[in-house]
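Welcome! Take a look at the structure below, and then we will walk through it together.

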Amino acid sequence: MALLFAPECAPFAIAAAILVGLTAIEMLAMVMGFSMTEFLGKPEVHGHDGILAYLSWLNLGGVPLLILMMLTLGFFAMTGFALQAVANAFWAPLPSLIAVIPAALATIPMVRASSRTVARIVPHDETYAVDLDALLGRTAEVSIGPLDQGLPGRVRVKDQHGNWHVLRARAAKGEGPLSIGASVLLVDHKANVFIAIPAPVDPTDADNQSLREQQ
């Protein structure tokens, strides 16, 4: 335990502290109907030269910038602490300036592999490339809520091309709270905040549900 606070582990402890701070800020922002991940977005690196071209190897632009930063900090801290623990077990902790070199080198391929996995799991938010009016009339699912007339929550909706979008939304005036997981209908939008109402019940689905309950 003492190794965690040793001067030789200072760079890794700082990285871990920054990661905890970013996680706390993102969780607080989501409760308030905002998202740092959405705000920072994905940098556009295609067609650029220089350092951005090299950073694209780490999947910069393939996943949100905040997620890439958190993966880098997490793997750097984890690798550094592990390295110093092994060095301490066999001899003594390495000087911090020396330890950061192998930790950073080990972090790079780990970030690349994990970010490619995250890119396949996290739904792609391509709302900026789609006419917002084209999403009106579509059924969405509340992912961060409940939705009311206060701060916007988040809904997930699929466009006509089958791509998923994460949108800011609030409940229409006069509607009660729309809970997480509820199906809602997008009926309007003000700027980039959509207005939602409970989605109409599909009679076919209701009939199928009744048959399943009878069986």
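Let us begin with Thr 107, which sits in helix H5 (residues 96-121); helices (H or I, at least four residues) and strands (E, at least two) are DSSP runs, numbered from the N terminus. Thr 107 counts as buried because its relative accessibility is 5%, where buried means under 20% relative accessible area, exposed over 50%, and partly exposed in between (1.4 Å probe, protein chains only). Leaving aside neighbours within four places in sequence, Thr 107 is in contact with Thr 72, Phe 75, Phe 76 and Thr 79; contact means heavy atoms within 4.5 Å.

A few notes on reading the model. This is a predicted model, in which local features need pLDDT of at least 70 and side-chain atom pairs count only at pLDDT 80 or more, while totals for chains, interfaces and linings use all residues. Residues are numbered from 1 along each chain as its sequence is written, and side-chain values use heavy atoms, with hydrogens and water left out.

Now to helix H4 (residues 65-90). Its 26 residues should span 38 Å at 1.5 Å a residue, and its end C-alpha atoms are 38 Å apart, which agrees; the expected span is 1.5 Å times one less than the number of residues. Among the buried residues of H4 are Phe 75, Phe 76 and Thr 79.

UniProt, in an unreviewed entry, places the feature "transmembrane region" at residues 12-34, 54-78 and 90-111. Over residues 90-111 the chain is 77% helix and 0% strand.

Next come the nonpolar cores, sets of buried Ala, Val, Leu, Ile, Met, Phe, Trp, Tyr and Cys residues joined through side-chain atoms within 4.5 Å. The largest has 15 residues, and Leu 147, Val 155 and Phe 194 are among those touching the most other members. E3 gives the most to this core, with 3 residues. A second, separate core of 8 residues includes Cys 9, Phe 12, Ala 15 and Phe 76.

Strand E3 (residues 164-171) also holds Ala 169, which counts as buried at 0% relative accessibility. Ala 169 touches Leu 147, Val 155 and Phe 194, among others.

| Part | Mean pLDDT |
|---|---|
| Whole chain | 79 |
| Helix H6 (residues 203-214), lowest | 44 |
| Strand E5 (residues 193-198), highest | 93 |

Over residues 204-215 pLDDT stays under 50, and the model has 1 contact there beyond four places in sequence. Where pLDDT is low, the predicted coordinates should not be read in detail.

Definitions and conventions. UniProt positions renumbered as here; feature names shortened; annotations may be inferred. pLDDT = per-residue confidence, 0-100.
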